[in-house]
Amino acid sequence: MTDDGQGPAEARRTHGQDACAARPGTYGERPSAPAVHAVAVFRAAGARDVLELGAGHGRDALHFAREGFAVRAAGFSAAGPERLRAAAVRQGVDGRVTAEAYDVRAPLPLPDDSVDAVFAHMPPGTALSTGETRALAGEVRRVLRPGGTFVHTVRHTGDAPCGGGIPHGDDSHEHGGSAAQFLPRDLVDALAEGWTLDEVHAFEEGDPPRRLWRVTQSLPPVPAAPDITVDGTGLLCVTLLLRLRKQIDGAAPGTVVHVVATDPAAPLDLPAWCHMTGHDYLGPVPGERPVYALRLTAGAVATRPDAPWHPAAPQEAADGPRETPRRPGPQRSGAPSGAVPDR
């Protein structure tokens, strides 16, 4: 907590509002280097609209608009959107820019699958807890359309202020009324679980220089029509994986599998299983039913037919799968979350 009783995120917002009012041109009018990179990435992906989180004074939002994108800019400071709208009018791009204040700790005020691309220059590192950072990443994934792209930057744990100032936990530190979270590389990777992690680039910006990660990640496109459909309606994930393992046995690499799964743990367990085995998790399939897609790969890790959440023993993997007797008993370590073995 700060001396006035504010938490780190509230202090950051107050600091940002004061800075925006006192120094509206702090970063100049030229776009940031990550925004220039994002334009090339978004254009290659065929994006038409961009959501920017933490738009600040608007230099990057205006750059996206000048490059022809429709931009929805959300800033942490209440003063930022008004200044951004005025600047958009002066530059003749007001027809392509909307701006509003937004607290990154709240759910995004957008429907599912509603934007092509998201850009965020450091707001995920705005004194958030690790849980809040994960929640924000989940919200970005929710609003992106299949095949959408997310370019964001976060402070690096190798940055000089990391470890100094006022600690707030989760590698967050406050300096001069402004707090930030400094992310290690393993957390950057964890936040991209279920995405295609296209690039993680370390760079420096500003004077004195800040060390940051620039992360480019994308969602799988709309999954292709299935070659195999596994109906797991009403099944717990452990039973669903047994059925999935049996139905894909012998299928060729490249086979697209759609899994109907009503267990609430499926959105976590299926990508985790694909990560363990090496199959490609393609994500949820748009539609009324809860369906998830994956693509079988060559050289995937063989699993036990009676416990497909475990790799097969070396000899079994070499000889091919063999059915083994099932024995009732307590759940084995490593079984999917929320699941219990059949009795």
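**View 1. Helix H7 is largely enclosed by the rest of the structure, because nine of its 12 residues are buried.** Buried means under 20% relative accessible area, exposed over 50%, and partly exposed in between, using a 1.4 Å probe and protein chains only. This is a predicted model: local features need pLDDT of at least 70, side-chain atom pairs count only at pLDDT 80 or more, and totals for chains, interfaces and linings use all residues. Residues are numbered from 1 along each chain as its sequence is written, and side-chain values use heavy atoms, with hydrogens and water left out.

Which residues of H7 are buried? They are Cys237, Val238, Thr239, Leu240, Leu241, Leu242, Leu244, Arg245 and Ile248. These buried residues pack against strands E11 (228-232), E12 (256-261), E14 (291-295), E15 (303-304) and E16 (307-311), and against helix H8. Contact means heavy atoms within 4.5 Å. Helices (H or I, at least four residues) and strands (E, at least two) are DSSP runs, numbered from the N terminus.

View 2. After H7 comes Gly250. The phi of Gly250 is positive, near 90 degrees.

**View 3. Four strands form an open sheet in the order E11-E12-E14-E13, with mixed pairing.** Two strands pair if DSSP finds at least two bridges between them. E11 and E13 (280-285) are the edge strands, and each pairs on one side only. Neighbouring strands of this sheet are turned by 20 degrees against each other on average, direction ignored. H7 packs on the sheet and touches E11, E12 and E14. The direction of H7 makes about 160 degrees with that of E11. Axes are lines fitted to C-alpha atoms, for helices over the stretch in contact, and angles run from 0 to 180 degrees between N-to-C directions.

Now look inside the sheet. E12 and E14 pair in the antiparallel sense over five bridges. Val257 stands opposite Leu294 in E14. In a regular strand the side chains alternate between the two faces of the sheet.

**View 4. Thr277 is a buried residue in helix H8 (residues 266-277).** Why does Thr277 count as buried? Its relative accessibility is 2%. A polar atom of the Thr277 side chain lies 3.3 Å from the backbone oxygen of Cys274. Leaving out residues up to four places away in sequence, Thr277 touches Ala300, Val301 and Thr303.

**View 5. Strands E1 (residues 49-53) and E2 (residues 70-75) run parallel, joined by five bridges.** Val50 stands opposite Val71 in E2. The chain crosses from E1 through helix H3 (residues 59-66) to E2, and this β-α-β crossover is right-handed. Right-handed means that, with the strands pointing away from the viewer, the path from the first strand over the helix to the second runs clockwise.

E2 also pairs with strand E3 (residues 97-101), in the parallel sense and over five bridges. Val97 in E3 is the bridge partner of Val71. From E2 the chain crosses through helix H4 (residues 80-90) to E3, and this β-α-β crossover is right-handed.

**View 6. The whole protein holds nine helices and 16 strands.** Of its 343 residues, 48% count as buried. Among contacts with a separation of 6 or more, 68% come from residues 24 or more positions apart.

Terms used:
Polar contact = N/O pair within 3.5 Å; in protein donor to acceptor, adjacent residues only side chain to side chain.
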